[in-house]
Every structure is written in structure tokens, then in C-alpha cells.
Amino acid sequence: MVLSGKPPRRARGLGAWLNRWPLKAVAAKRARKQVAAKDPLGHYPAAPAIIELWEKHGGNALQAPALIDTIIASDTARNLLRVFRLQERLKANGRQPGIAPVRHVHVVGAGVMGGDIAAWCALKGLTVTLQDQDMARIAPAIKRAATLFARRLKDRRAARAAFDRLVPDPTGGGVPLADVVIEAISENPEAKRGLYQSLEPRMKADALLATNTSSLSLETLSAGLARPERLIGIHFFNPVAKMPLVEVVHADGTAAQTLARASAFVGQIGKLALPVRSAPGFLVNAVLAPYMLQAMRNIDDGLSPAAVDAAMVAFGMPMGPLELADTVGLDIARAAGQELAGGAEPPRCLAEKLARGDLGKKSGRGFYTWRDGKPVKDGQGGAQAPAGLAERLIQPLVDATRERVEAGVVADADLADAGVIFGTGFAPFTGGPLHYQSSRSA
């Protein structure tokens, strides 16, 4: 047992050797390579500066004031502070004074989205009943939930408690008990309205009826409801456990209390609530669709998916648009594109893949072959990405974001930037698409 408070001798020796030349220079060189691989265009200057501080100044920032001043005065630092403030604004939407917390959620639809929404709510301490046509349809969602609980909750007892909170419910017995009922079935308005007809009479008088629709308007879905004012869109993004943003979709007939309670629920489960008006694609899908379609048209022109995606990763996106399309599902990408493209023909490459049944990650093949949940990009041929490709791909996204603000779908440009950053992973160092374009033209 070490009682002196000093580190073990071996650790002290290793640290001493790493702080000596030539090991220090070798370690610094390796660290720079790792940083450059993740940030090839140097959008984030702090990481290489930390390496330089350690290598040349023994980690003492006071010995390199000019270096520190350069980082603090950088556009990246200012924009990351802006992103932090935007995040705090979204968090504030989830804090609604006087709103009672949700205790029981009932989810209808145990597919990827519905099952993962149910699992996330159980992870966050809520009782959840998960309904689908039979146990065979619910079982895969329960299996994914167990994996999530084990990964996020290292304590086995905590993971078991979360698992116990997620209750398979093929008969819908949880409906009369739920504070929030979330519908997450296929994007078919007739099917959704038919489901609501069976759900609404069984719900508590003060329960929220929520839809996870990604594209259908609340006006369409509320037709026939006895109380349309309590229908709200609570639109999660895939993968639910990783994406922080949730769009809270409201229409002219939505009660103010419904919007407040839905936003509070989103905050309660640790997500960022962005209120948006009901419109095709809302905000995030409306700006992603033209971006992904433009990327696909480059494939029609002869570029490889890997080349297109590499251009956008270098720009600062967490993944390229074609890997994203595969992740979302090419059938869903087509549906969003049809809704928002004004009747334009889909890209040839998309139509061909859908005709073969290649739907992306969920089918194992799309623009990439997927193995163990990851795209295989080795050996992809095709032309190198031409200069300026990233800017051309980004422009439709920027234009669509501005149009959403002008149409009143989102309250202002700052919230639009926040939604696109936290809903798509748009490069945070830019401060958001609208801020990025305005700063470039200034």
C-alpha cells in the first residue's frame, strides 16, 4: 500500500522518460499525426497547441502567452462559445416551471425508432410500456435495450433496474396509465389516424398524444381526433442514444400547455428541445434532404461515395452525406426528398439501389456495404473529389435553413443554427450554417 501520496515508482519512471528527449519529440510527433488525422484542415487549434505546450514549455501555459492569446482570439473559440450559448438556450426550453414530471411513457411501434425511444426513456428512469403487434416484433427492441443499458449503466443493478422499467406490452395495457403516449409506426397517415382512434378513448384525460413522424404534418394527423389540441410532434433522430436534439412540433391548433409539457418531457429525458412549426420536414430533415440529394447527384456524375464523404468529413462534418443517408435509410431519404424536392426526379443512383432493395445500414448494403454496424470503404474507386465540392454540397443546406427561418418554421436564425448543429452534427467550429455564411460574406 502506498501511503506517501506519491505515484508508484514505475509510473514516475515512465513519466520521466516521456519528458526527456528523444522520447518527448517522438511522442509529440505521434500525437500531432493523430490530431491531424481527425482534423486535417486544422479547424480546432487547441489540440496541437496543447501538444506544443507540453513539448516546448513543459505544459506551462504562462511560458507561451502568445500561443494562448492566438487560441482565445481564434474564430473557432468564438464559435464554440456561441455553440455553448445556443445549447444553453435549447436546454432552457426543457425547463418549464410548474410542469409535473412524466412518470409513465407508452410507446406504440417497436421498430428501430420506437424501440430505441422506449429504451432511452427507461434508461432515464421512466416506466415504459412498449406495444407492437406481438412479442416477436418487440423482442429485437428489448435486446437492443439490454445492450444500451449495459453500455451506459456500468452498475449491473442499475442496468437491471432499467431493464425492469421497460415492459413489453403487445395488448396495450399501458395506455390508460401513461402520461405520454408516443406513436412511432410507419409514415402512413391513414394508419396513424386509425391508431389514434383506438388510443384516444383509452388515454388519461391529461395525457399527451405524441407522434414521432419525421415528415407528416400535424394538421393531417389530427383530423378526426376528439381533442386535437393535445397532439404534439416529438421527433427524435437516429440513433436516439447519440443524437441530442428532439424537435417539438406544434401546429396552429396545438395548446400552449401541450407544447410546454412536451418540451419539459424532452428536457426530463436529457435531450435538447427545439420547438418547430408543423411543415414538411420540419427543420432538420428539410435541410438535410437537399444536402443528401446533391451528394447523390455527384455520384450520378461519376464520383465515388468515399470521395464525396471524405470531402465533407474534411470540412468538419461527423460523417459524410452518403454514409448519413445509409444510416437514416435510403427509403426514408427518398420519401423526404420527394416531399421537399418539388416533384424533381430522384438521383439515378438512389432509384437503382432502392429497386434492388438496398436500403442502407438496415439492409446491410446501400452506398456502402455494412459490416458489424460500420460502412466498408476500403477499395472504393472513382474520381477524386474536385476542389470546392464541400462548399457546393453545403450551399443547399444553408439555403434551406434560411428558408425555414423566413417561413417561421423555427423562431429565429440562432435557433435554426442550434437545430442544425445538434440535429445533424453540422461542424461546430463554424457556429452553424447561417452564422458560417454570414461570417464568410462579411
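How exposed is Glu352? Glu352 is partly exposed, with a relative accessible area of 41%; buried means under 20%, exposed over 50%, and partly exposed in between (1.4 Å probe, protein chains only).

## Basis of the model

This is a predicted model, in which local features need pLDDT of at least 70, side-chain atom pairs count only at pLDDT 80 or more, and totals for chains, interfaces and linings use all residues. Residues are numbered from 1 along each chain as its sequence is written, and side-chain values use heavy atoms, with hydrogens and water left out.

## Salt bridges

The structure contains 20 salt bridges, each defined as a side-chain nitrogen of Lys or Arg within 4 Å of a carboxyl oxygen of Asp or Glu. One of them joins Glu352 to Arg348 (4.0 Å, N to O). These two residues are 4 residues apart in helix α16 (residues 348-355), so about one helical turn separates them; helices are DSSP runs of H or I, at least four residues, numbered from the N terminus. Arg348 is partly exposed, at 48% relative accessibility.

In helix α17 (residues 389-406), Arg402 and Asp399 lie 3 residues apart, and their side chains form a salt bridge (3.6 Å, N to O). Arg402 is partly exposed at 29%, and Asp399 is partly exposed with a relative accessible area of 29%. A further salt bridge pairs Arg157 with Asp155 (3.7 Å, N to O); Arg157 is exposed at 68%, whereas Asp155 is partly exposed at 38%. A network of salt bridges links Arg82, Asp414 and Asp417.

## Cysteines

The count of disulfides is 0, a disulfide being a pair of cysteine sulfur atoms within 2.5 Å. Cys121 is buried, with a relative accessible area of 0%, and Cys349 is buried at 7%.
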